[in-house]
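Hi there,

Here is the structure I promised to send over. Have a look at it first, then read on for what turned up.

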Amino acid sequence: MASNALAPDWLATLPHHPYCTDTLGMMVVRSKAHAIKKRYIQINHPQCVTYLVFDIDREGAAFAWYDAHLPPPYWSSTNPKNGHAHVCYRLAIPYPTSELAHLAPIKYAAAIQSAFRAKLQADTGYAGLLTKNPLHAHWKTMYWSDYAYTLDELADFVDLQGHPIKGREAIGLGRNCDTFEMVRKWAYRAIREYWQPNYQEAWMNAVLARCEAVNVGYIYPMQPSEVKAIAKSIAKWTMTHFTPQRFSASQAKKGRKSKGGGRPSLGEPWEALGVSRRTYFNRKKAGLL
């Protein structure tokens, strides 16, 4: 056993006002000073991961990492009544979970989390919001190592092929990636239909509705706060990178390349409206122009 207590900065890594409870199903938000007295506590920030926690529901769960030939975790907190435990790994570099601009590391972390879960035979339905508080006397807590791992170091212990799980059965961070992939591809085209004065709020609501529709399709849906954060990231990113001005410039560039052949120019009236050629003619056919 490499350590006998949490690192001195552990309290600083917690959310400012964590969810906590003594009884599952009755969460409250409290200050850190109050939250660390509860049996269960939120240890990751809402949109950032510092700890990977796995819920192992079998006797001897605290040693599951050893049985699976995985590196020692930060700690394990065991229920003395049945031997079930939470096993926690600390990351050297925390990473955001709801930023479209950082999708690559989210995918990488999701694959590692999924592969570790499989090797540990951990509960796939564990949401990850609350963990057994290692400071609470109700649990039998063992501190295995105070080492903080990089994602690359953790990846060396598992085969990432087939991870993370996609589609309806996506779990953990895999749901974040799955939602990002589906909604962002839809958003790149859908935003054109919202280009009008003061469209931002309507667009935000449309992206949120799309994310919520994807989320309800998972066997184990994400928390509403996670869905809102992902939707906000996609909406803001597309509003920044897919603007009528940029679209018009892109279409004009394509038009210049195609001059000298093909159909005669129609004056490209859709460019002035900031919509696609298809949308322009659809609106014209419907008598909207």
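Keep in mind that this is a predicted model. Let's start with two helices: α6 (residues 173-190) packs against α8 (residues 224-241) at an angle of about 35 degrees, and their axes are 10 Å apart. The crossing of the two is right-handed. On the α6 side the contact includes Phe 180, Val 183 and Arg 184, and these belong to a set that meets residues of α8, among them Ile 230, Ile 234 and Trp 237. Sorted by type, the residues of this contact come out as 7 nonpolar, 4 polar and 3 charged.

Now for the salt bridges; the structure has 4 of them. Arg 184 counts as buried because its relative accessibility is 18%, under the 20% cut-off. Glu 181 is buried too, at 16%.

Another one joins Arg 90 and Asp 9, at 2.7 Å from N to O. This pair ties together distant parts of the chain: Arg 90 is in strand β6, Asp 9 is in the segment before α1, and 81 residues separate them. Arg 90 is buried, at 12% relative accessible area, while Asp 9 is partly exposed, at 35%.

Finally, Lys 38 bridges to Asp 22, with the closest N and O atoms 3.5 Å apart.

Cheers

Notes
Residues are numbered from 1 along each chain as its sequence is written. This is a predicted model: local features need pLDDT of at least 70, side-chain atom pairs count only at pLDDT 80 or more; totals for chains, interfaces and linings use all residues. Side-chain values use heavy atoms; hydrogens and water are left out. Axes are lines fitted to C-alpha atoms, for helices over the stretch in contact, and angles run from 0 to 180 degrees between N-to-C directions. Helices (H or I, at least four residues) and strands (E, at least two) are DSSP runs, numbered from the N terminus. A crossing is left-handed if the near helix is turned anticlockwise from the far one by less than a right angle, and right-handed if clockwise. Contact means heavy atoms within 4.5 Å. Ala, Val, Leu, Ile, Met, Phe, Trp, Tyr, Cys and Pro count as nonpolar, Asp, Glu, Lys and Arg as charged, and the others, Gly among them, as polar. A salt bridge is a side-chain nitrogen of Lys or Arg within 4 Å of a carboxyl oxygen of Asp or Glu. Buried means under 20% relative accessible area, exposed over 50%, partly exposed in between (1.4 Å probe, protein chains only).
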